[in-house]
Amino acid sequence: MTHGGDSLVRFAGAIDLLPAAELTQLRDRSTSADTTVRAATADIVASVRSGGDAALVAMARKYDRASLSSLEVPRERWELALDRLKPSLRAALERAAANIERAHRAFLPRAEEVETEPGVIVGRRPDPLGRVGVYAPGGRAAYPSSVLMGVVPARVAGVGEVIVCSPPGESGRPSDVVLAAAALGGADRLFAIGGAGAIAAMAYGTQTVPRVDLIVGPGNAYVAEAKLQVSDVVAIDAPAGPSELLVLADGSADPAQVAREMLGQAEHDPRAAVIAVVVGDETAAQVMEALRIQLPLMERQEIATAALASRGALLTARDHDEAIAFANGYAPEHLLLAVTDPVAQDAMLARLRNCGTVFLGPTSSVAFGDYMTGANHVLPTGGLARCYSGLSTLDFVRWTSYQRVSAQAAAAMANDVGLLADAEGLPGHAAAARAWATSDAAAQVADAESGA
């Protein structure tokens with residue numbers, strides 16, 4: 001196992017030679033393990049809770065070098081930004097928004113009922129949330145795509161009010177392309193605040209920023225930690241942190257393409273986790289060489305270099321089975337199957353369980369999913385794909401369940417319910433159930449139900 005030295009990535013070598021301690025390090029991407037991040041985030045959250053708008057203005061000056069005259073950006077400014085977009089960029093955003101809407105509308109949750117036994121109806125109904133907050137990162141780059149990924153599904157789900165928070169630039173507002181995306185997606189309000197402070201503001205509310213029912217959207221380690229720290233007072237989509245990619249490749253893969261995909265995610269953040277698991281030593285060596293060639297040509301070379309050095313890996317597997325076993329244990333945000341055979345793709349997909357989303361085949365670039373396919377790019381990171389799913393319309397509703405028991409059904413189940421209540425030592429429950437066991441009680445309700 002190679003780490004450091006002349007390797008571009010932190011870990012390089014065969015999976016079966018990876019020591020247990022290093023495997024643990026590779027799998028541990030949780031930012032909550034960083035006590036510095038946790039403590040700094042707690043201070044920011046507490047400051048916003050006590051200081052409200054004034055604290056947010058001070059944070060914008062400290063972290064964003066922005067002097068804010070107002071936290072909220074007027075709608076007129078969004079509309080102006082949308083009107084000023086280059087027609088080609090606006091068309092691309094509109095195409096992305098349309099695909100996001102089309103995909104999420106197809107997966108809308110629907111009310112359902114089932115008759116569990118004669119006369120017993122159990123149902124549930126999806127009710128849209130009242131107010132949702134969408135966080136769109138800023139800082140190293142502007143993310144209009146994250147605006148669309150949060151706002152459009154919320155609108156499709158019928159959320160009452162959708163607000164957006166995104167860090168201000170030195171102008172005192174988010175970038176024009178972020179403003180334009182908010183207008184295009186149908187947001188209601190937009191605030192020029194970012195980082196952990198924005199998460200705290202949406203969770204607790206301030207003089208200007210309203211309290212929300214749910215916070216969604218990706219962010220850096222501080223945003224992810226803030227979401228965790230406020231999750232006792234507001235729902236969150238998932239504790240999503242820095243971007244992750246696992247590429248599973250075999251000899252059919254183009255090494256240059258594998259390298260492009262790895263660097264495409266590594267440029268997000270110095271903490272991004274980028275790994276390729278390759279079947280075959282020769283292909284792995286070719287991927288490493290492609291990384292060496294492409295990395296110096298990147299505009300964001302410094303960020304990508306840091307990500308590869310801290311959390312990058314180029315590992316070899318004996319076969320597809322070993323690669324899949326590693327993937328299910330690693331639980332990546334994005335997984336790209338750089339395998340050209342469609343039959344092999346489908347067979348591998350059927351066995352992959354713990355992934356935020358899977359890209360099937362070399363033409364299914366992760367970049368397409370980040371922007372244009374219509375699937376959501378807000379996905380679980382840090383190994384939480386074991387238990388969380390990507391953002392969808394399901395996140396923007398809560399379920400109201402209901403039950404209807406007819407008089408005949410009440411009489412039929414009364415004694416059995418009474419027995420179960422007795423077994424649990426709850427005589428009041430037993431009495432409430434057995435009251436319907438008599439034919440007279442049931443008959444009275446049956447008459448009322450029939451209108452007699």
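Visitor: Which residues line the largest cavity?

Guide: In this predicted model, the lining of the largest cavity includes Asp237 and Ala238. The rest of the lining is made up of Val378, Leu379, Pro380, Ser389, Gly390, Leu391 and Asp395.

Visitor: How do the residues of that lining divide into nonpolar, polar and charged?

Guide: Gly counts as polar in this scheme, and Gly390 belongs to the lining. The division of the lining is 5 nonpolar, 2 polar and 2 charged.

Visitor: What volume does the largest cavity have?

Guide: The structure holds 1 cavity of 30 Å³ or more. For the largest cavity, the computed volume is about 50 Å³.

Visitor: What distance separates the end C-alpha atoms of helix H2, residues 35-51?

Guide: Helix H2 has 17 residues, and at 1.5 Å a residue these should span 24 Å. The separation of its end C-alpha atoms agrees with that expectation: 24 Å.

Visitor: Where on helix H2 do its buried residues lie?

Guide: The buried residues of H2 are Val37, Thr41, Ile44, Val45 and Val48. Viewed down the axis of H2, they fall within an arc of 100°, so they line one face of the helix.

Visitor: Which helices are included in what covers the buried residues of H2?

Guide: Val37 and Ile44 are among the buried residues of H2. What covers the buried residues includes helix H3 (53-63), helix H8 (195-204) and helix H9 (221-229).

Technical notes:
Residues are numbered from 1 along each chain as its sequence is written. This is a predicted model: local features need pLDDT of at least 70, side-chain atom pairs count only at pLDDT 80 or more; totals for chains, interfaces and linings use all residues. Side-chain values use heavy atoms; hydrogens and water are left out. Helices (H or I, at least four residues) and strands (E, at least two) are DSSP runs, numbered from the N terminus. The expected span of a helix is 1.5 Å times one less than its number of residues. Buried means under 20% relative accessible area, exposed over 50%, partly exposed in between (1.4 Å probe, protein chains only). The arc is that of the directions from the helix axis to the C-beta atoms. Contact means heavy atoms within 4.5 Å. On a 1 Å grid over the protein atoms alone, a cavity is a set of points where a 1.4 Å probe fits but cannot get out, and a pocket is an open set with protein on both sides within 12 Å along at least five of seven lines; lining residues have an atom within 4 Å of a point. Grid points are joined across faces, edges and corners, and a volume is the space filled by probe spheres set on the points.
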